[in-house]
Amino acid sequence: MNKLVILFFFLHFGAFCQTSNRIITRQGQVSFFSYTSVEDIEATNNQVHSIVDKSNGAIGVSMLLRAFIFKKSLMEEHFNESYVESDIYPKTNFSGKIVDFNADSFNDGIVFLKGNLELHGVQKEIDIKVKIENLGSNLVLTGDFEVPVADFNIKVPPLLAPNIAKVIQVMFRFEYEPYEE
Amino acid sequence: MKNKNNILLIFTLCFGIVSVSAQDILDILDKELSGQKFYTQATFKANRVLLGQSVETRKKGVLEFVLGTRYWNIPNNENGQSFAADRFSAHFGAQYAFTDRFTFGAGITTWDGIVNSFAKYRLLRQQDNGKSQLGITLVQGTSYFTRNFLGFQLPNESSNRLSFVSQAIIARKFDRNLSLQIAPTYIHMGSEQPSLDGNQDFFSLGFGGRYKLSNHVSLVSEYYYTFGREEGPEGFNLFSLGVNWEISDVILQFSMTNSKSFDDVANYTLIPNNFNVNAGRLHIGVNATYVLHFNQKKRANIKSKK
C-alpha cells in the first residue's frame, strides 16, 4: 500500500513537473522580408512550432517551409521549388539556449539566444536578441534577426540577383502556453 | 529517514525527466509537425505544357497574359526573300483564375484566325504525403473558326464554325524532377471537313511530360495520338518538344513542333505534316506568359507586431 502511494506520488509529480517546465507554441509567427529596388517579397508562416524548457533555458523552433504564405502565389511556388527546395529540405529548425541563463531570465526584458539555425541543409551558428514578456502562465517571445542568403547555399541566378535582397530580414512572435503531451 | 529518501528520489526523477536538451526539443517538434499535408506544387509550370493543356492552373486572383509566336518556312520557296522565316503567326490570350480550382481563358491567333476559349476545373489535386496521388483536371474548350486556312474550309452557316474539345487530364508528379500526364480527349468539329474525310468526332489520347533540368529550366514534351483516322492524308499527330524557362513573373516556353496553330481543336485534328526538321515541317515558337497577381492582401495576412 505504502509503495503504491509512493508510486502514485511519483507519477503525479513527474507529470506535474513536466508540464510546468516546458512551454509550447503551435501557432508561432515568423515573417521574412526581402526589400530591393526591384521588388518587395514578404511571407508569413503562422504555424511555427516552438518549445522552451524553463528549467535550463533551452529553446527549439521548427517550421515547414511550405507553410509560408506569400503575397504573390507565384513567389510561393518559386520560393519552394527553386530557392529553398522544400521538397528536399522541408523544414527549417533553430535550436539554442539562453546565454547566461538564470532564474530571472524569464522575467520581462531582453535576453540573448545562441544556437544553430538549420536551413536548406546548412547549419549556421547565430545569435538572436529576444524580448520577453511574462504574462504569468504564458510567455511571449518577440524579436528579429538577419539571414544572409549566401550563407545557406541558396542559389540566385544572376538575372534575378537584383530582385532578391542579399540579407533577408526575419521577424518572429511566439506566444507560449504550458506543454501537455 | 525513509520518507526523506523517497522525496529525494521523486525530485531527482522528476528533474531527470524535465531537463531535456535542445535536440530532444527538436525531436518533440518533429513529431508535432509531421503529418501536415500540402498540395503538390509545380507539376507543370503553366496552363499549357507547350501547346496542349496541362493539369496545372494558377492560384486564385492570378491574371495571365500570353503572347505566343510561331515561325516556319515554306517548302521549295523559290524567291528566298524572307528574312529568318517565311511565315509568322502570333497568338494573344488571357486567362484568369477565379478560384484555386477554376480558370477561364480566351485567345486569338493571327494566322488561322481562330478565336478560342477554355474553362478548366481541378477535380482532384495531388498531395505531398497525402491520400491523393494523382491530379485530375477537366477542360472544356470552344473554338470559333473565322476563315479558310490550310486544311480547313470555313462553313457557310456560322453555327457550324464552332468546334468543341473536352479533356480529362490525369497527372502525377513522380519526384521533384519528373511529372507526367495522360489526357483522354474528345473533339467535335462543327463542320464536315474534306481534309478530315467528313469525320466530325474524334477521340485523341495525349501524353505530356516535364523534366526539371535546373531550378528555373525544365524540358517538356507532348504527343497526341488521334484514333480512327488514317495518319497522313487525314492529318498527323501533334508532337512538340521544348523548354520552359522561368524568370520572375514571366515564363518563356520555347517550342519545336509540327503545328502551325495555337488552338486545341486545330492542334489535334488539322496538322497537315509530320514532325521533322525540313522546311515547312518544323515550327519554332516562343510563348511568353506574364503573370499578374490580384488579391495580394487577402493572401498575405501579414501582421506586423513589433
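Predicted model: local features only at pLDDT ≥ 70, side-chain atom pairs only at ≥ 80, totals over all residues.
Author: Residues are numbered from 1 along each chain as its sequence is written, chains are lettered from A and ligands numbered from 1 in the order in which they are written, and side-chain values use heavy atoms, without hydrogens and water.

Reader: How do you know what confidence the predictor has in chain B?

Author: Look at pLDDT, the predictor's confidence in each residue, from 0 to 100. Its mean over chain B is 86. In that chain, 88% of the residues reach 70 or more. Residues 14-19 of chain B stay under 50. Residues 300-306 of chain B are also below 50. For the complex, the predictor gives an ipTM of 0.82 and a pTM of 0.84.

Reader: What makes up the secondary structure of chain B?

Author: Four helices and 14 strands. Both are DSSP runs, numbered from the N terminus: helices are H or I with at least four residues, strands are E with at least two.

Reader: What makes strands E2 and E14 of chain B a pair?

Author: Two strands pair if DSSP finds at least two bridges between them. Ten bridges join E2 (residues 62-72) to E14 (residues 283-293) in chain B. So they pair, by the rule of at least two bridges. The two strands run antiparallel. B:Val62 stands opposite B:His293 in E14(B).

Reader: Which strands make up the closed barrel of chain B?

Author: Twelve strands, in the order E2-E3-E4-E5-E7-E8-E9-E10-E11-E12-E13-E14, with antiparallel pairing. Neighbouring strands of this sheet are turned by 20° against each other on average, direction ignored. Helix H2 (residues 73-83) of chain A packs on the sheet. Among the strands that helix touches are E2 and E14 of chain B. A contact means heavy atoms within 4.5 Å.

Reader: Why is B:Asp197 called exposed?

Author: Relative accessible area decides: buried is under 20%, exposed is over 50%, partly exposed is in between (1.4 Å probe, protein chains only). B:Asp197 has 56%, so it is exposed. B:Asp197 is found in the loop between strands E9 (178-188) and E10 of chain B. Its phi is near 60°, a positive value in a residue other than glycine.

Reader: Why is the pair of B:Tyr71 and B:Phe88 called tilted?

Author: Rings of Phe, Tyr and Trp (its six-membered ring) pair if their centres lie within 6.5 Å; planes under 30 degrees apart are stacked, over 60 edge-to-face, the rest tilted. Here the centres are 5.3 Å apart and the planes stand at 40°, so the pair is tilted. B:Tyr71 lies in strand E2 and B:Phe88 in strand E3 (residues 87-97) of chain B, so the pair ties together parts that are 17 residues apart in sequence. The count over all chains comes to 23 aromatic pairs.

Reader: How do you know that B:Arg70 sits over the ring of B:Phe262?

Author: The rule needs NZ of Lys or CZ of Arg within 6 Å of the ring centre and within 35 degrees of the ring normal. The charged end of B:Arg70 sits over that ring, 4.1 Å from its centre. B:Arg125 lies over the face of B:Tyr39, at 4.1 Å from the ring centre.

How values were computed
Axes fitted to C-alpha atoms, helices over the stretch in contact; angles between N-to-C directions.
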